[in-house]
Amino acid sequence: MQTRQLGSLSVSALGLGCMGMSEFYGAGNDVESIAVIHRAVELGCSFLDTADMYGPFTNERLVGQAVIGRRDQVVIATKFGNERRPDGSWVGVNGRPEYVASACDASLERLGTDHIDLYYQHRVDTTVPIEETVGAMASLVEAGKVRHLGLSEASAETIRRAHQVHPISALQTEYSLFSRDVEAEVLPTVRELGIGFVAYSPLGRGLLTGAYKRPSDLPEGDARAERFPRFSGENFDRNVALGANVEQLAASKGCTPGQLALAWLLSRGEDVVPIPGTKRKKYLEENIAATAIELNGADVAWLDENVGHPAGDRYADMGSVNR
């Protein structure tokens with residue numbers, strides 16, 4: 001697989017989002033998930049994304065277990081700032097400097113490593129100046145615990161302020177055919193500053209794959225209908241109809257809808273790295289095959305006209321998104 005640059009950090013052109021292996025998208029199976037991670041590394045998909053809040057805490061342990069004996073073959077990205085208790089309840093967004101240090105130490109222990117390749121602030125704490133949070137993150141780099149810094153769901157202004165304190169290598173924010181608001185200000189800003197863009201939920205949380213035609217298609221215990229308005233009521237029906245347009249073009253190109261959606265994101269620029277998540281080898285291999293699909297100008301124009309403007313906000317509570 002080809003590589004792409006997130007600032008000075010080189011990563012595989014496609015990453016693997018590990019969140020759903022532990023929470024939110026139905027029941028997980030650690031044995032199968034570890035096998036998926038191993039297969040990803042075999043195929044060159046070596047950029048692994050996790051966070052302390054996933055599980056909570058269990059996803060980092062899963063990733064750490066999966067990379068035993070493979071640590072030098074992977075780039076591990078994890079996040080702090082969405083603070084949760086062991087019982088899963090939420091504390092809130094925390095960007096206090098003292099918390100940054102303790103959260104990093106806890107993540108290192110769970111991952112079973114002496115350094116984190118890319119450490120993100122998961123959400124911006126608007127009660128703490130970003131300069132203070134990033135200053136604490138920079139101290140982790142000086143201590144050798146972290147190699148590169150990132151932000152997630154940060155506004156253009158916040159990114160600029162953070163980058164003045166310490167170079168930011170990557171911004172991680174939702175980006176897909178269904179979520180293109182970053183194109184107005186955030187994406188131009190990170191490009192101006194030489195910051196890479198990591199696109200999470202590149203498949204519209206599954207709506208762009210054609211896998212879900214009705215709410216009952218979601219796995220048992222899946223939280224999407226509760227957490228994401230695009231999966232509820234009339235919004236769901238509207239978005240399924242838009243997803244059908246992706247299926248239409250995908251069929252004409254001999255690929256799956258998910259592959260087409262990933263190919264579109266990969267065509268957005270060499271600084272964009274999608275991190276689709278999956279718990280199945282079949283879908284992992286399907287996603288990786290998307291790196292070989294090329295779209296022409298007519299394909300992109302057709303998608304722009306027929307797939308944009310989904311119904312519903314990205315989250316039920318957009319308050320944690322720094323805008």
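I began with helix H5, residues 156–165, and found Ala156, Thr158, Ile159 and Ala162 buried in it. These four span an arc of only 155° around the axis, which puts them on the same side of H5. I note here that the model is predicted.

I then looked at the face of H5 turned away from the buried side, and it carries the exposed residues Glu157 and Gln164.

What covers the buried residues of H5? I listed helix H4 (130–142) and helix H6 (186–193) among the covering elements, and also strands S9 (146–152) and S10 (168–174).

**Helices H2 and H3**

Two packed helices are described by the angle between their axes and the distance between the axes. I looked up both values for helix H2 (residues 58–66) and helix H3 (residues 97–111): the axes come within 7 Å and cross at roughly 45°. An angle under 35 degrees would count as roughly parallel, and 65 to 115 as roughly perpendicular. H2 and H3 are therefore oblique to each other.

Next I wrote down the residues that make the contact. From H2 they are Glu60, Arg61, Val63 and Gly64, and from H3 they are Ser107, Glu109, Arg110 and Leu111. I sorted them by class and got four charged, two polar and two nonpolar residues.

**Aromatic pairs**

How many aromatic pairs does the structure hold? I found five, and I took notes on two of them.

One of the pairs is formed by tyrosine 175 and phenylalanine 197. The ring centres are 5.4 Å apart, with 75° between the planes, and the pair is edge-to-face. Planes over 60 degrees apart count as edge-to-face. Tyrosine 175 sits in the loop between S10 and H6, while phenylalanine 197 belongs to strand S11 (residues 196–200). The pair links distant parts of the chain, 22 residues apart.

Are these two residues buried or exposed? Tyrosine 175 is buried, with a relative accessible area of 0%, and phenylalanine 197 is buried with a value of 0%.

I also looked up phenylalanine 228 and tyrosine 315, a tilted pair with 5.7 Å centre to centre and 55° between the planes. Phenylalanine 228 is in the loop between helix H7 (224–227) and helix H8 (233–253), and tyrosine 315 is in the segment after helix H11 (297–307), so this pair ties together parts 87 residues apart in sequence. Phenylalanine 228 is buried at 4% relative accessible area. Tyrosine 315 has 12% relative accessibility and counts as buried, the cut-off being under 20%.

My last entry is a cluster: ring pairs link Tyr175, Phe197 and Trp264.

Terms used: Residues are numbered from 1 along each chain as its sequence is written. This is a predicted model: local features need pLDDT of at least 70, side-chain atom pairs count only at pLDDT 80 or more; totals for chains, interfaces and linings use all residues. Side-chain values use heavy atoms; hydrogens and water are left out. Buried means under 20% relative accessible area, exposed over 50%, partly exposed in between (1.4 Å probe, protein chains only). Helices (H or I, at least four residues) and strands (E, at least two) are DSSP runs, numbered from the N terminus. The arc is that of the directions from the helix axis to the C-beta atoms. Contact means heavy atoms within 4.5 Å. Axes are lines fitted to C-alpha atoms, for helices over the stretch in contact, and angles run from 0 to 180 degrees between N-to-C directions. Angles under 35 degrees count as roughly parallel, over 145 as roughly antiparallel, 65 to 115 as roughly perpendicular and the rest as oblique. Ala, Val, Leu, Ile, Met, Phe, Trp, Tyr, Cys and Pro count as nonpolar, Asp, Glu, Lys and Arg as charged, and the others, Gly among them, as polar. Rings of Phe, Tyr and Trp (its six-membered ring) pair if their centres lie within 6.5 Å; planes under 30 degrees apart count as stacked, over 60 as edge-to-face and the rest as tilted.
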